[in-house]
Amino acid sequence: MTDQLLEIDSLTVAAGTKDNETTIIEDISFSLKTGEVLGVVGESGSGKTVTCRALIRLFPTRDMRIASGSIRLAGEELTTLDEREFASVRGSKIGMIFQNPASHLDPVMSIGAQLAESLEHHQTPRGKEARNEARNLLRQVGIPDPDYRFKDYPHQFSGGMRQRVMIALALACNPTVLIADEPTTALDVTVQAQILRLLLDLRDTRGLSIILVTHDLGIVAQTCDSIVVMYAGRVCERGPKRTVISSPSHPYTAKLIACQPANVVASVLPNISGQPPYQSEMPKGCRFHPRCDFAFDRCRTEIPVLAAISERHVAACHLAKRSNP
Ligand code: SF4
């Protein structure tokens, strides 16, 4: 019996036809406990968004699909569900909020009507009861004067308020897991902190488990319990936040940490030299080797596997110091 709520095991997503298939993410494994906040970090193109979209089968392109691996939610295998069966998981058990709430809200429908409609679709309240519950949800996510704002349209809300509404819409389905894909990227720093605080409050009050997808390690440091670091479609390091941030075992993680503005002592902000590889030009061996300061011959031919560094801490680097078996 496991205490994990969500378990992703060796998940691989491919795109294209069977004869001309491209692997987008490969052999991804991680898990999430009830009430845990897990950060998935990496640069653009690392596969973090595809990984999370795979959990609700909302892929960025129509030709993407789960090629192999397992996703279990509360012990139930999700990859074998057909589309009709999976409809009861998407939204209802696993909710998602996105970077740009404006493009996910109906511009010609009031905020209250959208929320009430979602409640009626996913839960039992109808009519007045649904509208009252919608006002309650607006209150819970910190919309001031919800009775008045209920009738407003999305364009009458600020970016931060629209993200709060997106969170309320996700909560209307009463999910156990919430995936937040770069939820604060488009917001200024003060509003960003408020939205992150709201997510943590919801974790505390509802026991919500959260997967926070971000390119910003600083946000993970403030918010998360554990971290998955992705590079070029693979997990390169995973573990408890404090352990990974204080003792990174993968050179890519170490570089991400060194590039955080709070850690920079020089007047010039450092960066990670080079670019992440294109899908069509994945390097052999360790995919990070063209950008790694420590690369040696073995790195160019042999793929490093994830190996235990300490309890719950794993890294995929030939130089990572393994714990004793
Ligand atoms: Fe660098 Fe080699 Fe480790 Fe890859 S396996 S991160 S190239 S040292």
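## A pairing to start with

Which residue in β4 is the bridge partner of Asp9? It is Ser70. This is a predicted model, in which local features need pLDDT of at least 70 and side-chain atom pairs count only at pLDDT 80 or more, while totals for chains, interfaces and linings use all residues. Residues are numbered from 1 along each chain as its sequence is written, and side-chain values use heavy atoms, with hydrogens and water left out.

Strands (E, at least two residues) and helices (H or I, at least four) are DSSP runs numbered from the N terminus, and two strands pair if DSSP finds at least two bridges between them.

## The four-stranded sheet

Four strands make an open sheet in the order β2-β1-β4-β5, and their pairing is antiparallel. At its edges are β2 (20-33) and β5 (76-77), each pairing on one side only.

Look next at strand β1 (residues 4-17), which is joined to β4 by seven antiparallel bridges. Strand β4 (residues 65-73) also runs antiparallel to β5, with two bridges between them: Arg72 is partnered by Glu77, and Leu73 by Glu76. The hairpin of β4 and β5 has two residues between the strands, and there Ala74 takes a positive phi near 50°.

## The eight-stranded sheet

The other open sheet to explore has eight strands with mixed pairing, in the order β6-β7-β8-β3-β9-β10-β12-β11. β6 (94-97) and β11 (307-310) stand at the edges with a single partner strand each, so one side of each has no neighbour in the sheet. On average, neighbouring strands of this sheet are turned by 20° against each other, direction ignored; the axes are lines fitted to C-alpha atoms, for helices over the stretch in contact, and angles run from 0 to 180 degrees between N-to-C directions.

β6 runs parallel to strand β7 (residues 177-181), and four bridges join the two.
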